Structures are given as structure tokens and as C-alpha cells.
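This briefing is for a reader new to the structure shown below.

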Amino acid sequence: MNLHTLWKFSRPHTIIGSTVSIVVLFLLQGGSPTDHYIILLTTLVSALGCNVCITGLNQVIDVELDKINKPELPIASGELSIATAKKIVVVSGIIAIGAAAL
């Protein structure tokens, strides 16, 4: 597996959307990136881990449907094994929960 495969597995549009929304909400509530960068960073890490976990879990569960509707996805195309995808889902879920606990 390479980084491009992981990037496709993470569904980049969800990563971009989550990042933009978190930063905007952080700034709207009055957060200062220079004073509260740890809070912003841990929130981003947690959200992005959760994102990969959710989108990855969806791909693991919907393999047959994705082979028809989204054959370019890594599992559906055979670029990524289900076993590796499950490991990515578990690790990203642990990262999300760990960062949120901070």
C-alpha cells in the first residue's frame, strides 16, 4: 500500500470538508490559532481519524456495491485488501478516540 492508496481510501473530499469546518468553527467561537493551537490540532487529529474510520468502515462493508457504483475506490478496485483496510479503520478509530480524550 502506498500513500496515494491511503489518500483515496480516506475519501479526500471528506477530509477537506471536515478540516475547513473545524477551523472555521474554531475561529468563529473566538479561538486564537497562536494561543490555542494545541486544542485546534488535537481536534483536527481526532476529527480526521474519525473521518478515515467512518469512510473506511463504509468501504469495508459496501465492497460489492462499490464494485458497481464506485469501482475506483481502493478496495473495490483490488488496490487495497480488506484485511489492510480493517487495520486502517481500527488504527484511525483509536487515534480519533485518543486525541478526543486529550
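**Cysteines and overall build**

The number of disulfides is zero, a disulfide being a pair of cysteine sulfur atoms within 2.5 Å. C50 takes part in no disulfide, and its nearest cysteine sulfur, that of C53, lies 6.4 Å away. This is a predicted model, in which local features need pLDDT of at least 70 and side-chain atom pairs count only at pLDDT 80 or more, while totals for chains, interfaces and linings use all residues. Residues are numbered from 1 along each chain as its sequence is written, and side-chain values use heavy atoms, with hydrogens and water left out.

Cysteines
- The sulfur of C53 has its closest cysteine sulfur in C50, and 6.4 Å is too far for a bond.
- C50 is partly exposed, at a relative accessible area of 35% (partly exposed lies between buried, under 20%, and exposed, over 50%, with a 1.4 Å probe and protein chains only).

Fold
- The chain contains six helices and zero strands (DSSP runs: H or I of at least four residues for helices, E of at least two for strands, numbered from the N terminus).
- Along the sequence the pattern reads α-α-α-α-α-α.
- The C-alpha atoms fill a box of roughly 45 × 25 × 20 Å along the principal axes.
- Of the contacts (heavy atoms within 4.5 Å) between residues at least 6 apart in sequence, 67% join residues at least 24 apart.

Surface and burial
- Of the 102 residues in the chain, 34% are buried.
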